[in-house]
Amino acid sequence: MSESSPFLQACAEWKKAEQQKSSFGFVKLGIKAGVPIRVRFLDAAPLKRVLHYESLKGTTVICPEHDCLFCSRGDKRVDRFFINVVDRADDRVKVLEFSAALRDEMFEMVKELAASGESKELLDPRNYDLVITRTGTGKDTRYAVAKMDGKLTATDYKSYDLEKYLVPMNPKEMVNKQESRPAPVEVEKPVGDFGTEPPPVVPSVPDTDENPLDIGDLDL
Ligand SMILES: [Zn+2]
């Protein structure tokens with residue numbers, strides 16, 4: 001691809017943006033092995049969700065954590081954490097989704113800063129940037145977290161309301177998912193001969209774009 005072609009460049013940018021967009025509807029910041037990311041937290045604390053990944057190929061279910069059909073049939077549960085961040089690479093608000101391994105690494109770093117007793121501001125990662133580096137895949141995945149000082153360019157960033165984006169499944173949705181039936185879609189049915197194929201499924205909890213089992217971000 002030629003960098004000098006505005007057409008190719010624009011298309012590549014769009015494609016990249018689409019790929020970054022999580023199935024949950026927000027723009028997600030992924031962490032690739034060997035490529036450090038630099039972020040500023042916008043939330044005081046992350047939001048925790050329990051996810052089922054393997055129930056149906058390529059789909060994610062947010063577990064309601066009680067009366068869950070997927071739990072009751074023994075599906076694997078994975079804790080994931082979500083937080084609004086400013087991606088310092090492009091100054092955009094994205095959602096960082098992370099595992100317990102990265103949570104522990106950040107926890108230790110902030111605890112050490114707190115123990116240094118230098119400043120109360122150090123207790124809150126909203127006051128400085130974090131540089132996160134991932135190495136390895138699968139069970140060998142490791143994270144390194146470092147603090148970095150820097151000023152944000154804007155004074156106000158619009159965060160995602162994560163509670164609204166990450167709604168646990170309700171019993172009806174679970175039954176629909178489990179039976180692989182299309183969830184009720186409130187659109188006008190097209191008229192014509194479309195064979196016996198059902199209309200495209202629009203799941204209320206969309207499919208995940210990234211299975212943690214594939215990206216090696218999973219630690220159980
Ligand atoms: Zn469950």
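Leaving aside residues up to four places away in sequence, Tyr165 touches Phe24, Gly25, Phe26 and Tyr160; two residues are in contact if their C-beta atoms, placed from the backbone, lie within 7 Å. The model is predicted: local features need pLDDT of at least 70, side-chain atom pairs count only at pLDDT 80 or more, and totals for chains, interfaces and linings use all residues. Residues are numbered from 1 along each chain as its sequence is written.

**The surroundings of Tyr165**
- Tyr165 belongs to helix H4 (residues 162–165); helices (H or I, at least four residues) and strands (E, at least two) are DSSP runs, numbered from the N terminus.
- Although 141 residues separate Tyr165 from Phe24 in sequence, their C-alpha atoms are 6.2 Å apart in space.
- Tyr165 counts as partly exposed because it has 15 C-beta neighbours inside 10 Å.
- A residue is buried if 20 or more other C-beta atoms lie within 10 Å of its own, exposed if 12 or fewer, and partly exposed in between, with C-beta atoms placed from the backbone.

**The chain as a whole**
- The chain contains six helices and eight strands, in the sequence order α-β-β-β-β-α-β-β-α-β-β-α-α-α.
- Of its 220 residues, 23% count as buried.
- Among contacts with a separation of 6 or more, 66% join residues 24 or more positions apart.

**Helix H3**
- Helix H3 (residues 100–116) has 17 residues and reaches 24 Å from its first C-alpha to its last, close to the 24 Å expected at 1.5 Å a residue; the expected span is 1.5 Å times one less than the number of residues.
- Gly117 follows H3 and has a positive phi, near 65°.

- Asp129 stands opposite Met148 in E8.
- Six residues lie between E7 and E8 in this hairpin, and Gly136 in the turn has a positive phi of about 75°.

**Confidence of the prediction**
- The chain averages a pLDDT of 80, and 75% of the residues score at least 70; pLDDT is the predictor's confidence in each residue, from 0 to 100.
- Among the elements, strand E2 (residues 37–41) has the highest mean pLDDT (97) and helix H6 (residues 212–215) the lowest (40).
- Over residues 192–220 pLDDT stays under 50, and the model has 51 contacts beyond four places in sequence for them.

Technical notes. Two strands pair if DSSP finds at least two bridges between them.
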